[in-house]
Amino acid sequence: MMKRRALHLLRNIGIVAHIDAGKTTLTERILYFTGKSHKIGETHQGNSQMDTLKPEIEKGITISAAATQTEWQVNGQTHRINIIDTPGHVDFTIEVERSLRVLDGMVMLFDAVAGVEPQSETVWRQSQRYAVPAIAYVNKMDRPGSDFFTVIQQMKDQLGANAWPIQLPIIKDNAFVGVVDLLSREALVWSKETGQAQSTAIPAELLESVEFHRNALLEELASTDEALLDRYLDQSNSIREEEWQASLRSAVVQRSMVPVLAGAAYKNIAVQPLLDAIGLYLPSPLDTPSTEGLDPGNQQSIERAVDPEAPFAGLVFKVILDEQNRRLSFFRIYSGRLAAGDSILNVRTGKKERISQLYQMHANKRTELQEAFAGDIVASLSLKQTRTGDTIADMKAPILLESLYVPKPVMGVAIEVVKTAQLDKLGLALARLAEEDPTFKVAHNQETGQTIIQGMGELHLEIVLDKLQHDFGVAVNIGQPQVSYFERLQETGRQWGRLKKQSGGPGLFAEMDVELGPADPAFLADPSNGRLQFIDKVVGGNIPKSLIPFVEKGFRTAMESGPLAGHPLESLKVTLWDGKTHSKDSKPLAFELCAQNTYREMARDLAPQLLEPLMQVEVQTPEPYLGTVIGDLNRRRGLIKGQRLEHGRIVVHAEVPLVEMFGYVSHLRSSTAGRGTFNMQLRGYTAVNKLATHQA
Ligand SMILES: Nc1nc2c(ncn2[C@@H]2O[C@H](COP(=O)(O)OP(=O)(O)OP(=O)(O)O)[C@@H](O)[C@H]2O)c(=O)[nH]1
Ligand SMILES: [Mg+2]
């Protein structure tokens, strides 16, 4: 049973990074060194406790974020640490998104050789969206070519992070063996045999460097902490180590500094100091004293204290199907407490649900709990109607918490069942998969009658198809992959739209003066705004307030089908200036339909443009293949943005339309004798070039 402990000793943290930086390897070490597990699993051997799905084991990568927890003593106090190990591959970015939404802090990993990589930038941006405080861990310090300070410089330049080393690496005979802590000046080296640290004197050649970096760090801390500044200038020696730690902690919690540590998880070097830093510097749930939300009754903003005695409120951030196809929902409790057997309200549906059991998760294993409290991350099998992003709350004190940002799928593939008899089974399977994964969508092409599955990339769809076949036993034929297009209105126009149907049957009447066009850039800059910017300028009740939401709903539905080829609109700004109603026939449906018709009449005249996904591509290749690689990227309509030399390999940066990148993995492999590698992520949407070889 989960014991109630002081909330200030609880840490809910995520481990995030570019693919292959060592997140899962580090998580395995954390579990081992904290005594939670007695054997270290390795991702490349397929026996990690965290990566348990079949494709995770086969490919040696993480696909689904997994939660676990452990304990660690810092300054004589037992800290409880909940950890979510996230995937680095960009196709599974939703896993990072939902984890960061509910976590209080994160450990950001870097490969000490590769430094800041494309996906490092993506996860950093995601963490900024949810204001998550961070500490950085420069992993793989054992690799030849590792460079601690270059990575720190890249964090500053490329991420804009105020990164500060709080350790210096100890290198002996060209090998990374330990670290010196800059605040305590303690030097530790790890024995390869036992994986345990030994205290040692600071190596002579590091003495000067330690003092230099220590003073720079103290100065930075003092300059932001008025209480410390005077004492620092007067008599810096009077400030105790714990005071410096407290000062650093508050800088981290306010996100004004990112402390950086060095380590080599795979070699079991310098993992324990990271655990100390998690306890010392990352926030507890109490560092965010209250959670904001909306009162669903009146849409007013309200607050709920992070307090087990406050009314219960939680956010469901993940729903998966367990081995027996039951829905397992993960949620973070923000306030109050929850006991097995309690009933809660799903604030979105307005329905009551009963929590018959509660679990604490360790990867794919669960332990039953009687009760859970504010700050905890738990799971339940009994939420039948609840989806990812839903708020669950005390029946008597509903609150709607901020949901999470879900990126749009960028590509799709048409599928059909091999045996018609499996058609129903396919529908059911797809619905369940879409429930688990908000970035996986199912669409039907009305004209061809085909089913199109959409996702974040080729790997994402490959995993889905694998699940269809192996977990659900549905055999499908697969078509050519297609990218997901958008349409954009380039102009703004205004029109008086009418809907009048008053001859026979129930009447419908609505009139509206609307202006339609693309949304403002400032509006789109905040992804939580969505794609529809709706502005109500109606005065004097010419359209009653109660009907306005139906106008909005009409445009929201309509914008899913663009005027060129029926692709969704990238954005739509609707300004509702005026309107007219009829005493009897102005029903909600009339305004909804009028909005849809008016959109259809206007959209084709607003200079619509077709948009395709554009990828930011990074190809690494040995020098001899550079010409081939660049020539090939050019043929794929790629724009070469630059290249740099990195440890004897050339890294080419380019922007290439996604549609041209299908099958690139195997092409690159064969054209570089297996030595080229690449990664890509969505850069944005761009107008389709008329010369493009493909058809929308
Ligand atoms: N040399 C060296 N290799 C490491 C270190 N840490 C991890 N690795 C190796 O790097 C590879 C990737 O490690 P993972 O832990 O699976 O990486 P990850 O960040 O979890 O990867 P994804 O979850 O797929 O994004 C494995 O082969 C690890 O053994 C390290 O400190 N030094
Ligand atoms: Mg992993």
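This is a predicted model: local features need pLDDT of at least 70, side-chain atom pairs count only at pLDDT 80 or more; totals for chains, interfaces and linings use all residues.

**Salt bridges and ligand sites**

Trainee: What forms a salt bridge with Asp390?

Mentor: Arg348 does, with the closest N and O atoms 2.7 Å apart. A salt bridge puts a side-chain nitrogen of Lys or Arg within 4 Å of a carboxyl oxygen of Asp or Glu. This one links distant parts of the chain, 42 residues apart. Arg348 is in the loop between β17 and β18, and Asp390 in the loop between β22 and β23. Helices (H or I, at least four residues) and strands (E, at least two) are DSSP runs, numbered from the N terminus.

Trainee: Why is Arg348 called partly exposed?

Mentor: Because its relative accessibility is 38%.

Trainee: How many salt bridges does the structure hold?

Mentor: There are 37. One of them pairs Arg332 with Asp104, at 3.0 Å between the closest N and O atoms. That pair spans 228 residues, from the loop between α3 and β4 (Asp104) to strand β15 (Arg332). Both Arg332 and Asp104 are buried.

Trainee: What does Arg488 pair with?

Mentor: Glu570, again by a salt bridge, closest N and O atoms 3.0 Å apart. Arg488 is in strand β29, and Glu570 in the loop between α13 and β33, 82 residues away. Arg488 is partly exposed because its relative accessible area is 25%. Glu570 counts as partly exposed too, at 22%.

Trainee: Switching to the ligands. Which residues come nearest to ligand 1?

Mentor: Lys23, Thr25, Thr43, Thr62 and Asp142, out of 21 around it. To be near, a residue needs a heavy atom within 4 Å. Helix α1, residues 23–33, gives the most to that shell, with 3 residues.

Trainee: Which backbone atom of Gly88 lies by ligand 1, and at what distance?

Mentor: A backbone N or O atom of Gly88, 2.9 Å from an oxygen atom of the ligand. Ala21 also places a backbone N or O atom 3.2 Å from a ligand 1 oxygen. For Asp20, a polar backbone atom is 3.1 Å from an oxygen of ligand 1.

Trainee: What coordinates the magnesium ion?

Mentor: Thr24 (OG1) and Thr62 (OG1) coordinate this ion, ligand 2, at 1.9 to 2.0 Å. Donors are N, O and S atoms within 2.8 Å of the metal (3.2 Å for Na, K and Ca); water is not among the atoms, so sites may look incomplete. Thr24 is in helix α1, and Thr62 in the loop between α2 and β2, 38 residues apart. Both Thr24 and Thr62 are buried.

Trainee: Last one. Where is Ser236?

Mentor: In the loop between α7 and α8. Ser236 is partly exposed, with a relative accessible area of 32%. From Ser236 to Arg366 is 130 residues in sequence and 50 Å in space, C-alpha to C-alpha.

Key
Residues are numbered from 1 along each chain as its sequence is written. Chains are lettered from A and ligands numbered from 1 in the order in which they are written. Side-chain values use heavy atoms; hydrogens and water are left out. A polar contact is a pair of N or O atoms within 3.5 Å; within protein, one must be able to donate a hydrogen and the other to accept it, and residues adjacent in sequence count only if both atoms are side-chain atoms. Buried means under 20% relative accessible area, exposed over 50%, partly exposed in between (1.4 Å probe, protein chains only).
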